[in-house]
Structures are given as C-alpha cells and as structure tokens.
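Subject: A structure for you to look at

Hi,

Here is the structure I promised to pass on to you. Have a look at it first, and then read my notes below with the model open beside you.

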Amino acid sequence: MAEEKTLNGLRVDKINSILNSMRDDKEFLKAVTGPWKSRVVWQGGFKAKAYMRKHAVEMDEPEGLDASDSAASAHEQLLSAVGSCLTVGYVLNATRRGVKIHDLEIAMEGNFDNILKWAGHAPGGNPGYPTVKAKCFVRADADEKVLREIWQAAIDGSPVTQTVARPTKIETEFEKV
Amino acid sequence: MAHTKLFPVTVVGSWTRPDWLIHALRRRQAGEISAGEFDHVADEAVLAAIKYQEDAGVDIVSDGEMRRDNFYSFVVEKLGGMRLMKLSQLLDYMKDRAGFEEILRALDVPAFAIKSPIAVEKVVERDGIALDEARFLKEHTTRQTKVPIPGPYLLTRSSWFEGLSDKAYPTREDLAKDVVKILRREVTRLKDMGVDFIQLDEPSISQVVYGDEAEQTFMCAALGSRTDPTHELEFAVRLVNETVDGIDGVKFGVHVCRGNWSRKENVLLSGNYGPLLPWLMRMDVDQLVLEMATPRAGEIEVFEEYRNEKEIGLGVSNPRSDDIENPRQIVARVKEVMKYFDPDKIYLNPDCGFGTFAERCVNTADVAYRKLKVIHEAAEMLRKEYE
C-alpha cells in the first residue's frame, strides 16, 4: 500500500478530495456553508463564555475595566480569529501548491476609533477598529514571489477576514424573558 | 598572544551565509541530512569565509561561524541536556507574555525566528563546543585565529527558563556552575590547540544597562531571567572571571554590542559604554571588543578614566549598512580613540558579525568583503604613521 503523502501536517490527497467535494457535492457544500453557531452566556461581571459545537471559549475584560482579566477580551479574540483564519488559509494554499512551511506567525493589531462611544460618552463615531493590521512572517520552501501569492490567496479566501473587511449586516433580535 | 603588527585587523566572528548553506542547515535541522553531510557542505562555506577574510587583509581570521545556526544556540548540538527552543515555543512559559509581545513588535521579529538553547536536563559536555570549528580553521589558514564562543553569562541567562530548567537546576546559579566548568575546559582546549584569540560573546550585558526592564526579554538572545542590574553585572563579572581564571597563553576578549538582528537602527539598543565600563574593566580579559561605529555607541570620552587598562577591539564598520566606510574616516576615528588607548592596544574590527543569525544575515558577502578591505586599508595607513 502506497504511503499517504502529508505536507504541513495535512494529508495532501485527503485535503484535495475535500476541496473537490465542496465543488462537486452539493450536500457537502451546504454543510460547510453553515449555519455556523455560537451561544454566548454571561458568567457575571464582564465575563462571558461562548459555546461552539463541542468547544467553549471564555472571554473577559482587562483589569483596568474592573474585570478579572481571566481570559482575552472579545475584541482581542476577533483579532485572533482573523489571524487564525489567515493561518488556515495560508496553510491550505501552500499545501495545494506543494510548499512546505517551516514556521508561520501572524501578528495582529488594531486601535479603536472612538472607544468613548462604548463608554457612553460620545453619541456617534465608530467604537470599533477602523483598520486591522496583519503581518505575516513565514519560513517556507519557496521563493518570495510564491509565498506572497499564497498570502494574497489566504487573504482573499479567508471567510473571517472578508467578514470583517466588508460591510456585514448584523441582524439582531431581542426578547425579554 | 600578541600580534606583531600594530592595529591588527580582525572580525567579530560571523560571516554572511550563502543560500546553499542555509538550505543544508534547514535540511540538517529537519533530520533530512546527517551532521556529517552538513559538515561537508559547511566546510566549503568556511573555506570561502576564510578566503574572503584573507583576501581582504584580515590579520586574525575566524571560521565565519558558518556551522552555527546562530552565535550561541548552536551549543545545543554540542552539549547534552540542552533543547533548542523557538521563542514561539517558550511563550507558554513566559511570565509577562504581554510585555514580551511589546518587545517582539518593537523589534519587528517573529517569535519563531529566535531560538534559544534551554537547559532541560543536567548539561553535560560531549566533544567540545567549538573545537571542531577551531581545528578546521587552524588547518586552513596560516593567519592568527579567533574563535568566538558564547560567554558564561549569556549562556546561563539564556538557558535557564523557569518551568523548563528548574527540575535539573533549581536556580540559575546552579546552572552557572556547570556552564563555567564546561567553558573553562573549552577555553583550555582551544588554547592547547593553538587558537590565538578566544572571544566570549556577552551581548546580553548590554540589555542589563540599556534594555527594557522586562525580566524576560531579548537582546540578540532570548533571555530567560534577570534580577536588578547591579546584581546581574556582578554575576556576569564573576562568571567571566571564573571561566578564564589562571588560563594564560591565549588572548581573551569579551564582545559586547547593542544588537545585530535588524538593519533598523531604531530597534537596537543605544547609549555610551560609561555605565558598563566599571564592570567590563573588572573582567580578567585582555580586550573589550566593542561596537563603536555608529552614533548609538555614544561618546568615546567615557574611556578617559580607564586609559590603557585594556585593549580595545574597536568597531569601525557598521555590518548592517550597504555603505562602505571611508578609510580616512576610520583613521580619524582611531586617532580619536588614541587619546585613551596606545596604538599597540587598538585592534580594528567591524561592530559585530555579518551573520549573527544564519537566517537573518545583515549583509552580503560582497559588501562584507569590501568593508573588511577598507578596514585593512585604514590599518595600513595607520601603520605607516605609527610603526
């Protein structure tokens, strides 16, 4: 039996087969399209816990906000989510192109535009990040041109990055229980 | 060992690595080729490094540190009980992760690019640290030779990491005892092999005085722990002196610089040597090999009260720039330094190596060669005047 080829910790044939299934198998495409879900439950103070499938992630706020700083804040986890999605995209595209990655690190950063809006001191303005910076450091077996192309493909194809980068409609509902 | 010429030209150690050597290094680290196969490739690179230096007129040559991943982490292959860890792997053990993140951002480096040898078991010697390098170098040059090795303070400070090292060594001081023992044996054997100049690299001493106050930080090396600056400097002096105590017949130097991992001058440390000199002068070594070619090194006048106490390995060329220094400017700089050092106490060298980190070399071989050549030209001009 032929040895299964792995690259960057992924089974190359398997991942190609999965990607082809997304194109050819409507049911599979539907399953990976969504809906994706998270349920966020208040834990007291500024703490919250998000439950996603079989996983749970805690969130808190820094001590400076009279919180216990027991976990990263939601806005930090947003940066991490973008960086993690870019990481996945980079590894996917590198593997498809047969490029071996030795190390990959993405440094994320954002500054709030007007946090006074969150604090209730400003009637208008954007309390969020107007810009999110992502710097990719990679050590891989390909020339810089190829590695930059992979980076661009990761950005263009990243669901989280593109959600954050585009005007995304948030549909909200409310119910008093 | 004294040099017969005035103003001997030497290097701080590392030479820029060709791509084929980096490729071989990665393959060896990935276990795709053996150490012997890598050494075969590296032999060619060392020969080229020696040739560049000899052709440029360097009087005391090194092997370019071509076999090393970086100037200190290579010890992990030479000593038992050490594990080479990337900073990205050490993040889980960092006490002040947020503070360290700030340092990484200021330096604009990824955590994976910096590797440190961490003592995870009792550290034991195998076949020496740089003996193989020295042997090959001696076989392939007739010039005097310099072998740089990590100093005892650097090695101790970078290798002891709470949560990883404390089972084998409850305290950093416990590790220091074994480090000194190993380095003493190393320098004795290097001397016996006929190496002329042993340089103890101690760049982390700079961080104590000029660097961030964070307990765990980076200064050309991931630095696991430190206490207050005075205690650290006393510790460094003690370890260096214990390492070289009673060993004669070889020139000892201590190299201190302010960082050589980036071409961005603003991310490197700066400040004159004044705060360090009281401790450096107490180290029982012949020469201080100092970065002096950029404004970051500060005023030369700080040597006023230490006239001729030691030799100076004067940094007269910036290894991180493409500009080739003018020999007349180097001569003028040396003449300034001669207010505090006699001509026979001045050696000329670049500020630091050209490839402190194999994968982040700061210059090309061609530029490095031309920089050394210009230092040689300046030395010749000075010799005509003072010999």
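Let's start with helix H6 of chain B, where Pro152(B), Tyr153(B), Leu154(B), Leu155(B), Thr156(B), Arg157(B), Ser158(B) and Ser159(B) are buried. That is eight of the eight residues of H6(B), so this helix is largely enclosed by the rest of the structure. Please keep in mind throughout that this is a predicted model.

Which residues does H6(B) meet in H7(B)? From the H6(B) side come Pro152(B), Leu155(B), Thr156(B) and Ser159(B), and they meet Arg172(B), Leu175(B), Ala176(B), Val179(B), Val180(B) and Leu183(B) in H7(B). Sorted by class, this contact has seven nonpolar, two polar and one charged residues.

Now for the geometry. Two packed helices are described by the angle between their axes and the distance between the axes. For H6 (residues 152-159) and H7 (residues 172-193) of chain B, the axes come within 9 Å and cross at roughly 140°. An angle over 145 degrees would count as roughly antiparallel, and H6(B) and H7(B) are therefore oblique to each other. Their crossing is right-handed.

Another helix pair in chain B is worth a look. Helix H1 (residues 19-29) and helix H2 (residues 35-56) of chain B pack with their axes 10 Å apart, at an angle of about 165°. That makes H1(B) roughly antiparallel to H2(B), and the crossing of these two is left-handed. On the H1(B) side you will find Leu21(B), Ala24(B), Leu25(B) and Arg28(B), which meet Ala35(B), Phe38(B), Val41(B), Ala42(B) and Ala45(B) of H2(B). The residues of this contact divide into eight nonpolar, no polar and one charged.

Next, the nonpolar cores. The largest has 108 residues, and those with the most contacts inside it are Ile198(B), Val240(B), Val254(B), Leu314(B), Leu348(B) and Ile375(B). A second, separate core of 13 residues includes Val91(A), Ala94(A), Val99(A) and Ile101(A).

Chain A has some backbone details for you to find. Where does Pro35(A) lie? It lies in the loop between helix H2 (26-33) and strand S3 (39-44) of chain A, and the peptide bond from Gly34(A) to Pro35(A) is cis, with omega near 5°.

Arg53(A) has a phi near 45°, a positive value in a residue other than glycine. You can find Arg53(A) in the loop between strand S4 (47-52) and strand S5 (55-59) of chain A. Is Arg53(A) buried or exposed? With 8 C-beta neighbours inside 10 Å, Arg53(A) counts as exposed.

Asp66(A) is also a residue other than glycine with a positive phi, here near 60°. Asp66(A) lies in the loop between S5 and helix H3 (74-96) of chain A, and with 9 other C-beta atoms within 10 Å, Asp66(A) is exposed.

Last, the place where the chains meet: the contact takes six residues from chain B and six residues from chain A. On the chain B side, these are three nonpolar, one polar and two charged residues.

Enjoy exploring!

Best wishes

Conventions
Residues numbered from 1 in each chain as written. Chains lettered and ligands numbered in written order. Predicted model: local features only at pLDDT ≥ 70, side-chain atom pairs only at ≥ 80, totals over all residues. Contact = placed C-beta atoms within 7 Å. Nonpolar A, V, L, I, M, F, W, Y, C, P; charged D, E, K, R; others polar. Core = buried A, V, L, I, M, F, W, Y, C linked by C-beta atoms within 7 Å. Buried ≥ 20, exposed ≤ 12 C-beta atoms within 10 Å, placed from the backbone. Helix = DSSP H or I, 4+ residues; strand = E, 2+ residues; numbered from the N terminus. Axes fitted to C-alpha atoms, helices over the stretch in contact; angles between N-to-C directions. Parallel < 35°, antiparallel > 145°, perpendicular 65-115°, else oblique. Left-handed = near helix turned anticlockwise from the far one by under 90°.
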